[in-house]
Amino acid sequence: MKAKEIIGRGEEVHGRLYVKVEKQEVRELIKTLKENKFQHFVMLSCIDWIDDGEFELVYHLWSYEYREHVMISTRIKREGEEMESLHDLFPQIETYEREIKEMYGVNFIGNERLTPFFLEGWPHMPPMRKDFDSKKFIKDVFESIPPVEDEDEGI
Amino acid sequence: MKYEEWSKISRIASKKSLWILHFCTGCGAIEMPPVMTSRFDMERFGMAPMATPRQADVLLITGYLTVKTLKRVIQVYEQMQDPKYVVAFGSCPINGGMYWDSYNTINQLDKYLPVDLYLAGCMPRPEGIINAMMELMEMIEKGEARGWEKYRKNYEKYKKNQEMAFKFGKVEE
């Protein structure tokens with residue numbers, strides 16, 4: 001794989017290069033790839049490994065020249081650890097970081113735009129965390145709202 | 001002529017000219033184009049799609065609603081002129097459908113808006129939609145579709161429910 005030659009590490013998984021790194025190394029790696037024709041930042045995703053107490057952040061990159069997909073994965077602690085914002089490398093990272101902040105509560109230092117995104121007026125814990133009890137939430141919020149009864153005005 | 005007699009005539013006339021505003025929230029929007037166009041041709045029943053809420057008679061909620069969308073639906077509904085009817089489409093507005101345990105999907109639409117007719121299915125076929133519309137026309141003629149009166153009468157209760165949903169259950173008394 002061309003990507004492996006460029007960065008000299010990682011393993012091939014299902015035709016993609018999967019690179020596990022520390023969070024300090026992510027910036028340098030993405031920068032190197034960007035300079036070597038990996039010009040498409042596909043997405044940034046987050047996985048909640050609740051048993052390990054960690055969040056996994058995966059940065060996906062794609063090259064049109066080599067037709068290769070690279071996944072750069074890093075793990076941070078669920079509580080009390082923050083990630084550096086990389087939106088100066090690819091501007092679209094800003095929006096992905098904004099979404100992950102809302103859905104998982106991961107803070108990205110340097111991103112000025114971590115404002116509410118999809119959820120308006122959300123007062124609870126971030127809903128995509130594994131310890132968010134969805135069924136209990138439904139029971140407390142939506143099921144506790146009473147139906148509007150009116151015997152005169154039948155439907 | 002008495003008011004009751006006149007309103008009966010007006011209902012018979014209005015049931016044959018329903019202008020529909022389809023609020024395309026979920027997958028139900030996909031079923032609407034065949035209903036509107038030549039294959040199923042809803043215009044032969046006097047129904048036509050309408051672009052604005054202020055000229056529409058029927059509000060079609062075509063799928064699941066998140067809390068964020070519900071706010072917009074309520075704005076649209078309150079802009080419509082009386083008499084107005086709400087048809088809830090598919091299983092999602094009935095009890096949440098496949099999104100019943102989602103953190104952001106309201107499960108039952110008629111807690112927040114008066115629904116005149118529920119149309120079950122996931123999604124309902126165009127035949128089902130036309131059948132529901134015929135049913136709605138019959139209800140209008142008989143004077144059974146009175147959701148808009150219910151909304152006026154119980155406005156406070158509806159507003160309270162809506163507010164509870166917007167704040168995700170955390171309402172300060």
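Trainee: Which residues does Leu59(B) touch, not counting residues up to four places away in sequence?

Mentor: Remember that this is a predicted model: local features need pLDDT of at least 70, side-chain atom pairs count only at pLDDT 80 or more, and totals for chains, interfaces and linings use all residues. Residues are numbered from 1 along each chain as its sequence is written, chains are lettered from A and ligands numbered from 1 in the order in which they are written, and side-chain values use heavy atoms, leaving out hydrogens and water. With contact meaning heavy atoms within 4.5 Å, Leu59(B) touches Leu21(B), Phe23(B), Val73(B), Val76(B), Tyr77(B), Met80(B), Tyr85(B), Val86(B) and Val87(B).

Trainee: Are Leu59(B) and Ile61(B) buried or exposed?

Mentor: They share one side of strand S3 (residues 58–61) of chain B, while Val58(B) and Leu60(B) lie on the other. Strands are DSSP E runs of at least two residues, helices H or I runs of at least four, each numbered from the N terminus. By the limit of under 20% relative accessible area (1.4 Å probe, protein chains only), Leu59(B) and Ile61(B) are buried.

Trainee: Which residue of S4(B) stands opposite Val58(B)?

Mentor: S3(B) and strand S4 (residues 85–89) of chain B pair in the parallel sense over 4 bridges, where pairing takes at least two DSSP bridges. Opposite Val58(B) stands Tyr85(B).

Trainee: How far apart are the closest N and O atoms of Arg72(B) and Glu120(A)?

Mentor: The rule finds 2 salt bridges across the interface of chain A and chain B, each needing a Lys or Arg side-chain nitrogen within 4 Å of an Asp or Glu carboxyl oxygen. Arg72(B) and Glu120(A) form a salt bridge, with that distance at 3.2 Å.

Methods
Buried < 20%, exposed > 50% of the residue type's maximum accessible area, 1.4 Å probe, protein only.
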